[in-house]
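Visitor: Could you show me around this one? I would like to learn how to read a structure step by step.

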Amino acid sequence: MKVDQFDFELPKELIAIRPAPSRDGARLLVVNGNELKDSQVKDLPDFINAGDLMIFNDTRVIPARLKGKRRDANMEITLHMNMTGGVWKAFAKPAKKLKLDDVIKFDGGLDALVTHKGDAGEVTIQFNKTDNDLGDALKEAGVMPLPPYIASQRPIDERDEEDYQTIYSKHDGAVAAPTAGLHFTDSLQRALFDNGINSAYVTLHVGAGTFLPVKVDDTNDHKMHEEYGEINADVANLINETHRSGNKVVAVGTTSLRLLESATDEEGITREFADATDIFITPGYQFRCVDILMTNFHLPKSTLFMLVSAFAGFENMKAAYNHAIDSGYRFYSYGDSSILMREDQT
């Protein structure tokens with residue numbers, strides 16, 4: 001499909017630069033085919049049945065945006081994929097002046113050696129620290145990597161250290177939050193449990209590539225970024241048992257969905273997974289695992305708006321986004337949310 005088909009006009013004032021006062025007090029748009037219903041996140045248990053399984057991404061955001069010096073030149077580095085052993089793929093600004101074997105120096109004695117240069121400002125760097133030492137150094141030298149559409153409008157502050165982290169985050173490695181999960185509170189999770197709704201956790205370390213613009217004219221020409229994810233055998237078995245019982249799998253966020261679809265074969269069997277995925281989902285994709293998707297509202301012409309259009313229907317999502325804009329829903333990472341029923345099941 002042509003990328004321009006996924007464009008829409010979004011008033012700037014609908015871009016949320018802070019979350020709702022309470023996480024589960026955000027608005028929730030329920031999309032079931034061409035039927036739309038306005039609600040709130042705290043009412044989520046009303047739209048999911050007992051026996052259904054909610055899948056959460058328990059990745060934890062690290063302070064992945066770093067400002068340093070290459071000799072006398074200022075550099076900004078945004079980490080996006082951990083290659084282990086202190087090696088990271090990253091986006092560099094300005095990247096054109098960087099050369100192989102350049103050393104970038106950050107606060108706290110943290111250095112990075114440029115070992116590879118790729119496209120669109122991507123570099124591979126080798127830090128002079130690894131494991132816990134590197135984690136501690138990043139906490140000193142780095143800041144929370146808020147999306148550019150927030151960071152360009154205000155400074156990053158201490159509130160973001162809590163706001164931009166899910167309450168169940170566990171495994172360090174993400175450089176962007178799985179934002180649908182930001183709406184969950186302890187009380188909401190208890191309400192889901194009390195209603196007989198099951199839950200399980202997977203890990204996909206969200207990369208900064210999720211914010212990269214689609215620069216091609218046709219979706220067939222877009223190269224998707226890679227992200228590393230894990231699903232253990234117990235969770236895979238629980239997903240398969242849920243489907244065998246006639247219940248539904250609910251992905252909390254597009255990150256969970258992308259990982260689940262990557263780990264599920266054409267027969268609909270989900271298997272243990274520990275690998276990178278670059279799955280790119282556009283209209284026409286045949287979903288194998290996920291039946292319901294909870295997700296925030298996404299950028300025009302983004303890979304994520306293409307994904308939700310594939311899931312709930314292209315025309316349905318155009319109508320849903322028009323309704324959201326007309327109704328003043330708040331967009332993007334700190335914005336309101338939606339719950340989408342899969343089009344081929346409505």
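Guide: Gladly! Let's begin with a term: a residue is buried when its relative accessible area is under 20%, and exposed when that area is over 50%. Keep in mind that this is a predicted model.

Visitor: Does Thr282 count as buried or exposed?

Guide: Start with where Thr282 sits, in the loop between β16 (273-277) and β17 (292-296). Leaving out residues up to four places away in sequence, Thr282 touches Thr219, Met306 and Ala310. Its relative accessibility is 18%, and the cut-off is under 20%, so Thr282 counts as buried.

Visitor: How far apart are the end C-alpha atoms of helix α5?

Guide: Helix α5 covers residues 233-244, which is 12 residues. At 1.5 Å a residue, α5 should span 16 Å. The model agrees, because the end C-alpha atoms of α5 are apart by 16 Å.

Visitor: Which residues of α5 are buried, and which are exposed on the other side?

Guide: The buried ones are Val235, Ala236, Ile239, Asn240 and Thr242. They cover an arc of only 155 degrees around the axis, so they lie on the same side of α5. An α-helix has 3.6 residues a turn, so residues three or four places apart point the same way. Exposed on the other side of α5 are Asp234 and Arg244.

Visitor: What do the buried residues of α5 pack against?

Guide: One partner is a helix, α6 (254-262). The others are the strands β3 (53-57), β13 (198-205), β14 (227-231) and β15 (249-252).

Visitor: Which residue just after α5 takes a positive phi?

Guide: Look just past the end of α5 for a phi of about 85 degrees. The residue is Gly246.

Terms used. Residues are numbered from 1 along each chain as its sequence is written. This is a predicted model: local features need pLDDT of at least 70, side-chain atom pairs count only at pLDDT 80 or more; totals for chains, interfaces and linings use all residues. Side-chain values use heavy atoms; hydrogens and water are left out. Helices (H or I, at least four residues) and strands (E, at least two) are DSSP runs, numbered from the N terminus. The expected span of a helix is 1.5 Å times one less than its number of residues. Buried means under 20% relative accessible area, exposed over 50%, partly exposed in between (1.4 Å probe, protein chains only). The arc is that of the directions from the helix axis to the C-beta atoms. Contact means heavy atoms within 4.5 Å.
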